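Hi,

Here is the structure I promised to send over. Have a look at it first, and then read on for what turned up.

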Amino acid sequence: MDYSDRIREVARQVESRMSQVSGEEATKMSLVAPFIAALGFDVFNPLEVIPEFTADVGIKKGEKVDYALAVNGSPAVLVECKAVGTDLD
């Protein structure tokens with residue numbers, strides 16, 4: 001299975017689970033973590049997927065994000081999660 005097939009399969013799985021998920025933690029475990037894994041990150045390796053990462057970005061200092069995805073040991077992607085159905089406006 002190639003990369004695009006993995007992403008499509010995870011998208012199908014996530015779509016089928018969305019109505020059964022409530023709360024931020026369930027969203028992270030059931031919907032977000034599978035996508036992170038499909039991108040090639042080991043969600044159980046804290047050197048690759050750093051939970052509760054303190055991200056000093058812009059004017060925000062000491063703010064935590066749900067995950068930082070590390071590439072070659074350095075945070076490259078910051079991921080902030082909200083519960084399914086949360087209004088993001």
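Lysine 28 sits in helix α2, where helices (H or I, at least four residues) and strands (E, at least two) are DSSP runs, numbered from the N terminus. Before going further, note that this is a predicted model, with residues numbered from 1 along each chain as its sequence is written. Local features need pLDDT of at least 70, side-chain atom pairs count only at pLDDT 80 or more, totals for chains, interfaces and linings use all residues, and side-chain values use heavy atoms, with hydrogens and water left out.

Back to that lysine. Lysine 28 counts as buried because its relative accessibility is 5%; buried means under 20% relative accessible area, exposed over 50%, and partly exposed in between (1.4 Å probe, protein chains only). Lysine 28 also lies over the face of tyrosine 67, at 5.8 Å from the ring centre. To qualify for that, NZ of Lys or CZ of Arg must be within 6 Å of the ring centre and within 35 degrees of the ring normal. Its side chain makes a polar contact of 3.0 Å with the side chain of glutamate 25. A polar contact here is a pair of N or O atoms within 3.5 Å; within protein, one must be able to donate a hydrogen and the other to accept it, and residues adjacent in sequence count only if both atoms are side-chain atoms. Not counting residues up to four places away in sequence, lysine 28 touches Ala33, Pro34, Glu52, Asp66, Tyr67 and Cys81, with contact meaning heavy atoms within 4.5 Å.

Aspartate 66 is in strand β2 and is buried, because its relative accessible area is 5%. Leaving aside neighbours within four places in sequence, aspartate 66 is in contact with Glu24, Lys28, Ile50, Pro51, Glu52, Val79, Glu80 and Cys81.

Glutamate 52 is on both contact lists. Glutamate 52 belongs to strand β1 (residues 49–57) and is partly exposed, with a relative accessible area of 41%. Its phi is near 50 degrees, a positive value in a residue other than glycine. Most residues other than glycine have a negative phi. Asparagine 72 has a positive phi too, near 55 degrees. Asparagine 72 lies in the loop between β2 and β3 (74–79), and with a relative accessible area of 79% asparagine 72 is exposed.

Now the hydrophobic side of things. Which residues make up the largest nonpolar core? Val32, Ile36, Phe41, Val49, Tyr67, Leu69, Val79 and Cys81 do, eight residues in all. Both α2 (24–38) and β2 (60–71) supply at least two residues of this core. Apart from it lies another core, of five residues, including Val10, Val14, Val21 and Leu31. A nonpolar core is a set of buried Ala, Val, Leu, Ile, Met, Phe, Trp, Tyr and Cys residues joined through side-chain atoms within 4.5 Å. Valine 79, from the eight-residue core, touches Val32, Val65, Asp66, Tyr67 and Leu69, again not counting residues up to four places away in sequence.

Valine 71, in strand β2, is partly exposed at a relative accessible area of 41%. Beyond its neighbours within four places in sequence, valine 71 is in contact with Phe41 and Ala76.

Glutamine 20 is in the loop between α1 (3–17) and α2, and at 65% relative accessibility glutamine 20 counts as exposed. C-alpha to C-alpha, glutamine 20 and valine 65 are 24 Å apart in space and 45 residues apart in sequence.

Finally, the whole chain. There are two helices and three strands, and along the sequence they follow the pattern α-α-β-β-β. The C-alpha trace spans about 35 × 30 × 20 Å along its principal axes. Of the 89 residues, 26% count as buried. Among contacts with a separation of 6 or more, 32% come from residues 24 or more positions apart. The chain exposes about 6,100 Å², with carbon and sulfur atoms supplying 55% of it; accessible areas come from the Shrake-Rupley method with a 1.4 Å probe, and for residues only the protein chains shown count as cover.

Cheers
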